[in-house]
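Hello,

My notes on what was found follow it.

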Amino acid sequence: MKLTDIAKHVDCKKLLEDTLNAITVEAVDKIVASLPVVPEGEYRFNPAAPAAGWQAGKLHWYPVGGLMGNQANIKHAGAAENPIGERVVNAFEALIELEREKELLKDPQAAAPLTPRDAVRRYFDLPPLDEMPDHTEFIRELKPDAYLRALAKRIMVTLRQQAKGKDYTIMVEDDGIGQRADNVHKSLLSLGASAKPDKPYLIGMFGQGGSSAFAACSRSWMITRRAPELPDHAGGGVGWTLIKQFRPPHKRSFSYWAYLAASPEGHVPVLPESAADALDFQRGIKLAHVGYNFATSDQAYRLYNSLNHLLFNPVLPYYVKTKKDGADRMTGNAYRLSALETTGPKQHKEEDIRLTDIPV
Ligand SMILES: Nc1ncnc2c1ncn2[C@@H]1O[C@H](COP(=O)(O)OP(=O)(O)OP(=O)(O)O)[C@@H](O)[C@H]1O
Ligand SMILES: [Mg+2]
């Protein structure tokens, strides 16, 4: 299948809409059923000859990272919020990286920031967040609090559920650098292929953080568009794919994770940029983990607490939405501790009140 051929089979705007609305396993599987997909098991991926057995004009289930035995890389046990934290950190990096690339466009010799904090100070005029409660000067013509809110809007984590008792879906969106469609398999769907070791202004570098979220759910989807500010975005299209966990037929073998690929090299399908324009999706990433493994609904709704604990003093603020009527701005517990000290609990009440309001 050629990279752009998917547009011949489906209405791409509708495919994007259906994907953004797919918050149950059934909804994801319905999308798969509407596409020309080779049934699992018919194509046996062979890393030495991935084109062997490839059926022209069809999408194939392709192992994440080009690795059939990807369980060891993907299945990192731990608390339910950890993979969500990895996605949020990736979003921080995506925002920083976009600014760094813009800086290099203006001045190819510009020295790189030395740390992630150095980067947010340079690119966003932002001090460490735990210092913000004491910060009284305006930042970029906004009061510090208003500035934090404006920045936080660029990263949103949303807990979605079709109806009570149904699966939870975790959606993460950012309007950072995004990835070109033809690079998704080498970045977002790679394992251990991080491009970061030479970028001290980004946070981690093991190269498989985000993928741990695949293991925490049964289906995922991902849509990405490279930032139009960068010259390499031109003709980059919109990368789109679904990811599924395939369980072993018997207990002796392992699960593996595969995504819908459009070429034997592992490229994801490309949708035309006009489809994303129609939905006002300009750049960055929208992804979701469907059927997320929260042990209890309490654990799902308490993401405000657990993420503020996990990302104790994050480099950037973000939003978490666990209820229909409003999102919580997230600045980490370090900020909350200094806010309580300097302004007293009263002023902080407005934000905390939602916590105790959480329906369980
Ligand atoms: N939100 C995002 N926007 C743009 N690119 C992303 C985003 N998230 C991930 N990527 C790309 O996918 C790659 C793999 O991400 P992943 O989290 O698996 O590993 P990593 O961030 O490189 O390393 P680690 O998370 O272990 O520190 C990243 O290096 C980056 O190129
Ligand atoms: Mg990461």
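**What was found**

Arg 219, Trp 221, Ile 223 and Arg 225 point one way from strand E4, while Ser 220, Met 222 and Thr 224 point the other way, and all of them are buried. Please keep in mind as you read that this is a predicted model.

Strand E4 covers residues 219-225, and because seven of its seven residues are buried, it is largely enclosed by the rest of the structure. What does E4 pair with? One partner is strand E5 (residues 238-246), which pairs with E4 in the antiparallel sense over six bridges. If you want a landmark there, Met 222 stands opposite Thr 241 in E5. Strand E8 (residues 284-290) also runs antiparallel to E4, and seven bridges join the two. On that side, Arg 219 has Val 290 of E8 as its bridge partner.

Now for the wider view. The chain has 360 residues, and buried residues make up 41% of them. Its secondary structure consists of twelve helices and ten strands. Of the contacts with a separation of 6 or more, 72% are between residues 24 or more positions apart.

Six of its six residues are buried, so E6 is largely enclosed by the rest of the structure. Tyr 256, Ala 258 and Leu 260 point one way from E6, with Trp 257, Tyr 259 and Ala 261 pointing the other way, and all are buried.

**The nonpolar core**

Which residues have the most contacts inside the largest nonpolar core? They are Val 88, Tyr 259 and Leu 271, in a core of 86 residues. Helix H5 supplies the largest share of this core, with nine residues.

Setting aside residues up to four places away in sequence, Leu 271 touches Ile 6, Ala 7, Cys 12, Leu 15, Leu 16, Gly 237, Val 238 and Trp 240.

The axes of H5 and helix H11 (residues 303-310) come within 10 Å and cross at roughly 65°. Is this crossing left-handed or right-handed? The crossing of H5 and H11 is right-handed. Where they meet, H5 brings Glu 81, Asn 82, Ile 84 and Gly 85, and H11 brings Leu 303, Ser 306, Leu 307 and Leu 310. By class, this contact has four nonpolar, three polar and one charged residues.

**Some places in the loops**

A few loop residues are also worth a visit.

- Val 38 is in the loop between helix H3 (25-33) and strand E1 (60-63). Val 38 counts as partly exposed because it has 16 C-beta neighbours inside 10 Å. Apart from neighbours within four places in sequence, Val 38 is in contact with Tyr 43, Gln 55, Lys 58 and His 60.
- Leu 202 lies in the loop between strand E3 (168-174) and helix H8 (212-215). Leu 202 counts as buried because it has 24 C-beta neighbours inside 10 Å. Leu 202 and Val 89 are 113 residues apart in sequence, yet 9.2 Å apart in space, C-alpha to C-alpha.
- Asp 125 sits in the loop between helix H6 (116-124) and helix H7 (144-152). Its phi is near 55°, a positive value in a residue other than glycine. With 11 C-beta neighbours inside 10 Å, Asp 125 counts as exposed.
- Glu 141 is found in the loop between H6 and H7. Glu 141 is not a glycine, although its phi is positive at about 65°. With 7 other C-beta atoms within 10 Å, Glu 141 is exposed.

Terms used: Residues are numbered from 1 along each chain as its sequence is written. Chains are lettered from A and ligands numbered from 1 in the order in which they are written. This is a predicted model: local features need pLDDT of at least 70, side-chain atom pairs count only at pLDDT 80 or more; totals for chains, interfaces and linings use all residues. Helices (H or I, at least four residues) and strands (E, at least two) are DSSP runs, numbered from the N terminus. A residue is buried if 20 or more other C-beta atoms lie within 10 Å of its own, exposed if 12 or fewer, and partly exposed in between; C-beta atoms are placed from the backbone. Two residues are in contact if their C-beta atoms, placed from the backbone, lie within 7 Å. Two strands pair if DSSP finds at least two bridges between them. Axes are lines fitted to C-alpha atoms, for helices over the stretch in contact, and angles run from 0 to 180 degrees between N-to-C directions. A crossing is left-handed if the near helix is turned anticlockwise from the far one by less than a right angle, and right-handed if clockwise. Ala, Val, Leu, Ile, Met, Phe, Trp, Tyr, Cys and Pro count as nonpolar, Asp, Glu, Lys and Arg as charged, and the others, Gly among them, as polar. A nonpolar core is a set of buried Ala, Val, Leu, Ile, Met, Phe, Trp, Tyr and Cys residues joined through C-beta atoms within 7 Å.
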